[in-house]
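The sequence and structure are shown first.

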Number of protein chains: 2
Amino acid sequence: MLPDPETARAARLICRDGAVAPTAGMAPGFTQCNMISLPRDWAWDFLLFGQRNPKPCPILDVTDPGDFRTSLAPDADLRRDIPLYRVWRDGELVDSLPDVTDLWAEQGDLVTFLIGCSFTFETPLQQAGIEVRHIAQGRNVPMFLTNRACRPAGRLHGNMVVSMRPIPADRVAEAAMISGRFPAVHGAPIHIGAPEALGITDLTQPDFGDPVAIHPGEVPVFWACGVTPQAAVMASRPPFAITHAPGHMFITDIPDSRWQI
Amino acid sequence: MLPDPETARAARLICRDGAVAPTAGMAPGFTQCNMISLPRDWAWDFLLFGQRNPKPCPILDVTDPGDFRTSLAPDADLRRDIPLYRVWRDGELVDSLPDVTDLWAEQGDLVTFLIGCSFTFETPLQQAGIEVRHIAQGRNVPMFLTNRACRPAGRLHGNMVVSMRPIPADRVAEAAMISGRFPAVHGAPIHIGAPEALGITDLTQPDFGDPVAIHPGEVPVFWACGVTPQAAVMASRPPFAITHAPGHMFITDIPDSRWQI
């Protein structure tokens, strides 16, 4: 049975009314998205960046310039319905805001990209009896900037960001297969174990989000992450960008099951 | 075991040397692609068209303006390595040529898109003992223009083209599942049986390719097709375009297995 779309709408309205918190666990069963808005002049570069890096940047929708509507949630307002936005100028984080309506108008021609999020496959992981640690601990998922360069596109370049979930060694293969059925929302892990090979030296110090406990017998499993565009913004320094704050996602009306192969 | 990349290169050289024939069955195990080249001014519209219509237009690579190289086959020449090209002006087919080097230079800024092709999942269908009729009959796959509108993008619009394969009724579910594991190359069928619901009135009269026999007890199964961009060119009338001729594909160095989920 499909989840009730009213729960997605209600969750967005809570965010629109000013609630500022990570969205993990909100409106379960509905697809959550990463977001990045760039001036029209940078839109080609980013759409191509997504095409060339589909694991970290699976683009699920693109708006017309200046538009704040998306086909993924027709009554949503992309300027207000994310709990917390980040504002970037020349690659520097300059502000965090719960509402970017004024900036949207000031820029005039922002093209907004909505990007799949690994939260989509967390429900099937849990249904298979695989604990998702950051949910169990009530935290934001831990994310790490890796040493893996994305394939550049025009002026955009940067390294891949990954999310990490500790998985018991005897469930790792199953976690890979379950998530692999969702290629539109990052799909299978890009790396299992051996964090040092990704340039990650300390799993207790994520670059984004919160650290989580890793129990004996568990292996750190790494999925490509939709915060990668923020790393590209930091590295490539477009004059202006708005993104979601990591873990504070856009909640769509699309059931997670839409993306399952 | 991976297939020998030399077979892909050799197949491209045969095409480059002037052989004009459909590529089905050439360099088995290597990904074949649909192609469309458009002036730079139309590139955003097409990349967005692909993002919005990933079933018929799964974009596997995009070149820089004017470039004739692709990361899918580093030693290939996109101006010469397809057996037969189609040249379009203002939406009208004006020429069919085995070499478009001169036109490439004349235009100067063509951006080329390589798009996944259903040939990739034909090998696993055959390995599962499901006959692929057009291969068995030595013909080009039959393709039909449907009544299903693609989601428009900028100036580009048009209806979806599908390829059709007759499948015994007791193997249809398996054919759907096998092809569904290849979402980057059209994936699962978009329609099974009931051709009239797609606006197809006569299965013996395909709009592109050749008709194939349908035996008693077989069901026509329809997959989204990478000839859809050509239907969009006809409907949207960009000033200039080059495409492959249907069935005459670009052979890459990428093993088909790369796309399997």
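Predicted model: local features only at pLDDT ≥ 70, side-chain atom pairs only at ≥ 80, totals over all residues.

## The second largest pocket

Helix 2 of chain A and helix 2 of chain B each supply at least two residues of the lining of the second largest pocket. Helix 2 of chain B makes the largest share of that lining, with 3 residues. Sorted by class, the lining of the second largest pocket comprises 6 nonpolar, 2 polar and 5 charged residues.

## The largest pocket

The volume of the largest pocket is about 1900 Å³. A total of 47 residues line the largest pocket, and A:Pro183, A:Ala184, B:Pro54, B:Pro183 and B:Ala184 lie nearest its centre.

Both chains contribute elements to this lining: helix 2 (43-52) and strand 2 (59-62) of chain A, and helix 2 (43-52) and strand 2 (59-62) of chain B, each supply at least two residues. By class, the lining of the largest pocket holds 25 nonpolar, 14 polar and 8 charged residues.

## Relation between the two chains

Chain B is superposed on chain A by a rotation of 180° with 0.0 Å of shift along the axis, at an RMSD of 0.0 Å. The two copies are therefore related as by a two-fold rotation axis. Within chain B, the residue that comes closest to the rotation axis is B:Trp44, whose C-alpha lies at 3.1 Å.

Of the interface residues of chain B, 100% are also interface residues in chain A, so the copies meet through the same surface.

## Aromatic pairs

Over all chains, the structure holds 6 aromatic pairs. In one of them, the ring centres of A:Phe121 and A:Trp223 are 5.3 Å apart and the planes stand at 40°, so this pair is tilted. Because A:Phe121 belongs to helix 4 (residues 119-127) of chain A and A:Trp223 to strand 9 (residues 218-224) of chain A, the pair ties together parts that are 102 residues apart in sequence. Both A:Phe121 and A:Trp223 are buried.

In chain B, B:Phe46 and B:Phe113 form a tilted aromatic pair, with 4.7 Å from centre to centre and 55° between the planes. This pair links distant parts of the chain, since B:Phe46 lies in helix 2 of chain B and B:Phe113, 67 residues apart from it, in strand 5 (residues 110-116) of chain B. B:Phe46 and B:Phe113 are both buried. In chain A, ring pairs join A:Phe46, A:Phe49 and A:Phe113 into a cluster.

In chain A, helix 7 (residues 228-236) has 7 of its 9 residues buried, so it is largely enclosed by the rest of the structure. The buried residues of helix 7 of chain A are A:Thr228, A:Pro229, A:Gln230, A:Ala231, A:Ala232, A:Val233 and A:Ser236. A:Arg237 follows helix 7 of chain A and has a positive phi, near 55°. Helix 7 (residues 228-236) of chain B is likewise mostly covered, with 7 of its 9 residues buried. Just after helix 7 of chain B, B:Arg237 has a positive phi of about 55°.

B:Thr243 is located in strand 10 (residues 240-244) of chain B. With a relative accessible area of 0%, B:Thr243 is buried. Leaving aside residues up to four places away in sequence, B:Thr243 touches B:Met35, B:Ile36, B:Tyr85, B:Arg86, B:Trp88 and B:Gln230. The C-alpha atoms of B:Thr243 and B:Ala175 are separated by 29 Å, the two residues being 68 residues apart along the chain.

## Alanines with positive phi

A:Ala27 is not a glycine, although its phi is positive, at about 45°. A:Ala27 lies in the loop between helix 1 (5-16) and strand 1 (30-39) of chain A. Its relative accessibility is 8%, so A:Ala27 counts as buried, the cut-off being under 20%.

B:Ala194, also a residue other than glycine, has a positive phi near 50°. B:Ala194 is found in the loop between strand 8 (191-192) and strand 9 (218-224) of chain B. At 37% relative accessibility, B:Ala194 counts as partly exposed.

Definitions and conventions: Residues numbered from 1 in each chain as written. Chains lettered and ligands numbered in written order. Heavy atoms only, no water. 1 Å grid on protein atoms, 1.4 Å probe; cavity = no way out; pocket = protein on both sides within 12 Å on 5 of 7 lines; lining within 4 Å. Points joined across faces, edges and corners; volume = space filled by probe spheres on them. Helix = DSSP H or I, 4+ residues; strand = E, 2+ residues; numbered from the N terminus. Nonpolar A, V, L, I, M, F, W, Y, C, P; charged D, E, K, R; others polar. Buried < 20%, exposed > 50% of the residue type's maximum accessible area, 1.4 Å probe, protein only. Least-squares fit on C-alpha atoms with pLDDT ≥ 70 in both. Contact = heavy atoms within 4.5 Å. Phe/Tyr/Trp six-rings, centres within 6.5 Å; stacked < 30°, edge-to-face > 60°.
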